[in-house]
Amino acid sequence: MACMKLGSKSEVFHLDGQTWLCSSGLPSDVIVEVGEWSFHLHKFPLLSRSGVLENLIGEFSGGTEKKCVLQLHDMPGGAKAFLLIAKFCYGVKIDLTAFNVVSLRCAAEYLRMSEDYGEGNLTILTENFLNEVFGNWTDSIRALETCEEVISHAEELHIVSRCINSLAMKACADPSLFSWPMPGRTDVQSPGHTVFWNGIRVTAKSQPLTEDWWFEDVSFLRLPLYKRLILAVGMKGIKPESIAGSLIHYAKKHLPLLGRQSSFENGKHVAPGSIISAPSDADQKNLLEEIVELLPDQKCVTPTKFLLRLLRTSMILHASPACRENLEKRIGAQLDQAALEDLLIPNMGYSVETLYDIDCVQRILDHFMLLNNDTMDSTCIVDEGQLIGSSHLLTPMTMVANLVDGYLAEVAPDVNLKLPKFYSLAAVIPEYARPLDDGIYRAIDIYLKAHPWLVDSEREQICRLMNCQKLSLEASTHAAQNERLPLRVIVQVLFFEQLRLRTSIAGWFFVSDNLENSQNLSGNLALTRNNGDNQAGNAHDHIVALDDMRGRVSDLEKECLSMKQEIDKLVKTKGSWNIFSKRFPFRLMTKSSDPKPKASKPPCNSKESPSSTAPLMNGGNHNNSESQDENLNS
């Protein structure tokens, strides 16, 4: 730390209560009052160094009947600064440091201690020392902190702006290129710092600094000065990620609620001193709103997790609507990076209807859709091939779809959650964003279970949110046996599963015929070329593959028989099945006795059986399934 010693005499001042006395052997002829403190001094040492004191003492020269009393209650730095000035006037040793130079510089200007009142006066000495302070990071931070005590005088002398510019320049520069003392490096870089390794004395190596090396130091500044420093750093072209990181560090230190959320979620305790004494709610509200305004505008620079914590804290502190809207838009712009647990924001409104704030999530989701509508037209039909080929376009939308489905499953058990609100949130996601509808089906099932009083029309309405053709094997099996679903939905599930099974079996038969033809052709070529050994091996491989496919077809036909039995049970329990089966007769298949079925004659005229539950997204004729789905819905 920079330090300068002024004066040569030893200490001649001593304290008696709240009065400072000068033990020079001469009686005091002037009393200076600064606040609650008084100084019994002599006129000549004071007026010889200060223009203000010279004028004040001259005003009392005519009245000799009473002792000269001067009042300097507006003294910058108060009694502490005046004591150092008095010692300087008497030639007593004083130390200039980063902690007192600002107040002494302001006090010297206030008392007009210029070169007109003695060479090497306090004004020029403190100004020269300030220039040394500005060349050192740690001293600049300490000096800027002390500016808050004399902020108006420091602003007039441009000390604050000079100090901030110095810090901003150092924060933007590469610290490894300079010899500035940095936090955490004082001990390592000190000349006397050594370590022992196997009894050998060696010099410790300096630790490399990361981009966040300056976050902790500036976090001790009060908000007005910190805000000015962040703006200055941004003007000098520092990366927005560094600005966001500093703001996050500052917010965690000065917003106790935000800090506790972070520590509890990570399973850690807050270290003593890591959070400054809790300010009032009004101060925290003002601080939060200022931090939101300072956040970089670039997308994905500020973590979504931190933005959601800020939003939750803003609701607790009742921040302004503009602040909450700003946060919601920032979150919506990068909603695909959010985690489900952070999106579960408790409802803190005055009229609490639901456990979680569904309306807030709805606004965030609407903003995300508004920004991502240009990526892909939501009205287009995307088949499996297009979905795979355009995965880079659909990834953010698909991630948000999964996030919303998970969110709906979490809020669905709330008995106060109305159907329109649930439906509105789920309907925002376009159909192409969900490769599978298992997530929305799970949310619907949980909602139906928690709201058993829904009428049939409401159950039909909520089930329109999912596409039965996009359910996986596990979800289809569950839906076919789910008594909470409307009968029409169960029949749709079974109908589409039958179509998938028929398409799968036909596909296996087609592959089987092609392999047999390939085997015969390979055998003829082998006889022609007299290469019997190699062709025999190939033929053996084809036969094994053909037997394997026949076994799989047999397994599929067994599933047909099993689903036929399930449908028989359904017919006995639900009378409306007969009406539906007459209107939409199923063309089902059973096991054929021909060991080598042909693709040109698929066995679709045999006994009825429902389809397998193979997922549609894994293969199948999409056009055929979609056309029959339209007939079903009509």
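The exercises below, each with a worked solution, concern a predicted model.

Residues are numbered from 1 along each chain as its sequence is written. Because the model is predicted, local features need pLDDT of at least 70 and side-chain atom pairs count only at pLDDT 80 or more, totals for chains, interfaces and linings use all residues, and side-chain values use heavy atoms, with hydrogens and water left out.

**Exercise 1. The whole protein**

State how many helices and strands the protein has, and what share of its residues is buried.

Step 1. Helices (H or I, at least four residues) and strands (E, at least two) are DSSP runs, numbered from the N terminus. The protein has 28 helices and nine strands.

Step 2. A residue is buried under 20% relative accessible area, exposed over 50%, and partly exposed in between (1.4 Å probe, protein chains only). Of the 634 residues in the protein, 45% are buried.

Step 3. Accessible areas come from the Shrake-Rupley method with a 1.4 Å probe, and for residues only the protein chains shown count as cover. The protein exposes about 32,700 Å², of which carbon and sulfur atoms supply 53%.

Step 4. A contact means heavy atoms within 4.5 Å. Among contacts with a separation of 6 or more, 71% come from residues 24 or more positions apart.

**Exercise 2. Strand S4 and its partners**

Determine which strands pair with S4, and in which sense.

Step 1. Two strands pair if DSSP finds at least two bridges between them. Strand S4 (residues 30-34) runs parallel to S6, and four bridges join them. With strand S5 (residues 37-41), S4 pairs in the antiparallel sense over five bridges.

Step 2. Ile-31 illustrates both pairings: Val-69 stands opposite Ile-31 in S6, and His-40 is the bridge partner of Ile-31 in S5. Glu-33 stands opposite Gln-71 in S6.

Step 3. S4 and S5 form a hairpin with two residues between them, and Gly-35 in the turn has a positive phi of about 65°.

Step 4. Four of the five residues of S4 are buried, so that strand is mostly covered.

**Exercise 3. Aromatic pairs**

Step 1. Rings of Phe, Tyr and Trp (its six-membered ring) pair if their centres lie within 6.5 Å; planes under 30 degrees apart count as stacked, over 60 as edge-to-face and the rest as tilted. The structure holds seven such pairs.

Step 2. Trp-214 counts as buried because its relative accessibility is 1%, and Phe-215 is buried with a relative accessible area of 9%.

Step 3. Tyr-226 counts as buried at 1% relative accessibility, and Tyr-250 does so at 2%.

**Exercise 4. Two lysines**

Locate the charged end of Lys-253, and describe the setting of Lys-87.

Step 1. A charge sits over a ring if NZ of Lys or CZ of Arg is within 6 Å of the ring centre and within 35 degrees of the ring normal. The charged end of Lys-253 sits over the ring of Phe-220, 4.7 Å from its centre.

Step 2. Lys-87 belongs to helix H3 (residues 78-89) and is buried, since its relative accessible area is 12%. Its C-alpha atom is separated by 8.4 Å from that of Val-12, 75 residues apart along the chain.

**Exercise 5. Positive phi**

Find the loops that hold His-158 and Cys-300.

Step 1. Most residues other than glycine have a negative phi. His-158 has a positive phi of about 60°, and Cys-300 has one of about 70°.

Step 2. His-158 lies in the loop between helix H7 (151-156) and helix H8 (159-172). Cys-300 lies in the loop between helix H14 (281-294) and helix H15 (304-316), and counts as partly exposed because its relative accessibility is 37%.
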